[in-house]
Amino acid sequence: MATAISPTTHQCRRLSLEERSQYRLEYSRDGYVVIRNFARSEYLSELQGQALKELQYRRQPVEYEADLGYPGAPESRSAHGGQTIRRLLHAYTRHQCFKDFVTDPELIRSLRIFSNRNGLVFTPNHHNCLMSKHPGFSSSTYWHQDIRYWHFEKSELVSVWLGLTDENAENGALKVIPGSHRLAPEAYELGNQSFLDPKSKKNQSLIKHAKQIELQAGDALFFHCRLFHGANRNDSSEVKLSLVLTYHSDDNHPIEGSRSTKAPEIPLDNV
């Protein structure tokens with residue numbers, strides 16, 4: 001395991017005791033929390049600027065919309081729009097500003113609200129990306145749980161989705177199904193690629209409770225790895241950008257031999 005990192009920067013605002021108590025209850029009930037104005041404005045500008053540079057540089061590793069074949073995506077990389085970027089992977093190692101955000105003391109304190117343990121670990125193997133959604137060539141993502149693609153001893157991980165631009169229904173912001181993180185597997189039916197089967201009456205009853213998440217730049221969405229979520233295409237005229245990261249407690253280990261162990265994890269000292 002990599003040497004633990006002691007966070008020293010402060011890119012995020014400190015939550016009050018009242019906020020911490022409120023968010024703990026909301027997360028337990030709904031499986032997600034939106035924290036407004038989470039990234040401090042002076043650091044948000046740096047994150048936004050560097051994210052735009054990364055899109056321009058197009059440095060590997062990169063995931064293209066055409067790679068996934070989701071609805072609305074170009075048919076191949078050689079097709080019109082086939083070089084449209086969906087994710088710039090390995091955000092943690094792309095620039096110091098992203099590394100500083102990953103290890104920010106206030107972010108770690110906030111995560112502790114949801115993890116119920118002091119020891120936290122950042123996993124570079126899942127999310128750890130700058131996610132972009134481009135007009136014209138972006139795709140829709142069906143309802144899914146992230147834990148379906150990850151391999152850990154316990155299905156208890158928290159993702160942080162920081163809006164680097166405003167996010168709304170028009171530009172393909174996330175939608176979530178509140179409380180779905182608490183569902184037993186028999187409460188829903190999965191189809192192709194572990195997405196919710198839209199033809200299932202059981203699933204239709206679940207999806208009707210979905211909620212659209214709207215963020216302003218600097219807002220952060222924290223959500224459970226078992227929360228069902230999805231998104232539509234970007235029908236606006238501007239690129240949507242997000243920084244997405246995933247954490248877990250230090251007693252929840254990735255399964256040996258799985259892709260969840262591809263790169264060494266980053267343990268974070270208590271702050």
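**View A. The second largest pocket and its lining.** In this predicted model, the second largest pocket is lined by 19 residues, and those nearest its centre are Phe-114, Ser-115, Asn-116, Glu-156 and His-224. A pocket is found on a 1 Å grid over the protein atoms alone, as an open set of points where a 1.4 Å probe fits, with protein on both sides within 12 Å along at least five of seven lines; lining residues have an atom within 4 Å of a point. The pocket holds about 260 Å³ of space, where a volume is the space filled by probe spheres set on the points, joined across faces, edges and corners. Helix H1 (17–30), helix H5 (105–115), strand E7 (157–163) and strand E12 (240–249) each give at least two residues to this lining. Helices (H or I, at least four residues) and strands (E, at least two) are DSSP runs, numbered from the N terminus.

Two notes for reading every view: residues are numbered from 1 along each chain as its sequence is written. This is a predicted model, so local features need pLDDT of at least 70 and side-chain atom pairs count only at pLDDT 80 or more, while totals for chains, interfaces and linings use all residues; side-chain values use heavy atoms, with hydrogens and water left out.

**View B. The largest pocket.** Here the volume is about 960 Å³. Of the 36 lining residues, Glu-63, Arg-87, Leu-89, His-127 and Arg-259 lie nearest the centre. Elements that each supply at least two lining residues include strand E2 (62–64), helix H3 (65–68) and strand E3 (85–89).

**View C. Salt bridges around Glu-63.** Between Glu-63 and Arg-86, the N to O distance is 3.7 Å. This pair links distant parts of the chain, with Glu-63 in strand E2 and Arg-86 in strand E3, 23 residues apart. Glu-63 counts as buried at 16% relative accessibility, and so does Arg-86 at 5%. Buried means under 20% relative accessible area, exposed over 50%, and partly exposed in between (1.4 Å probe, protein chains only).

**View D. Strand E1 and its partner.** Strand E1 (residues 32–35) is covered on both faces: Tyr-32 and Val-34 on one side, and Val-33 and Ile-35 on the other, are all buried. In a regular strand the side chains alternate between the two faces of the sheet. E1 runs antiparallel to strand E10 (residues 220–224), and four bridges join them; two strands pair if DSSP finds at least two bridges between them. Val-34 has Leu-221 in E10 as its bridge partner.

**View E. Asp-219 meets Arg-36.** In this salt bridge, the closest N and O atoms are 2.9 Å apart. Asp-219 sits in the loop between E9 and E10 and Arg-36 in the loop between E1 and helix H2 (41–57), so the pair ties together parts that are 183 residues apart in sequence.

**View F. Glu-54 and Arg-94.** Their side chains form a salt bridge with an N to O distance of 3.0 Å. Glu-54 belongs to helix H2, and Arg-94 to the loop between E3 and helix H4 (96–102), 40 residues apart. Glu-54 is buried, with a relative accessible area of 0%, and Arg-94 is buried at 10%.

Note on methods:
A salt bridge is a side-chain nitrogen of Lys or Arg within 4 Å of a carboxyl oxygen of Asp or Glu.
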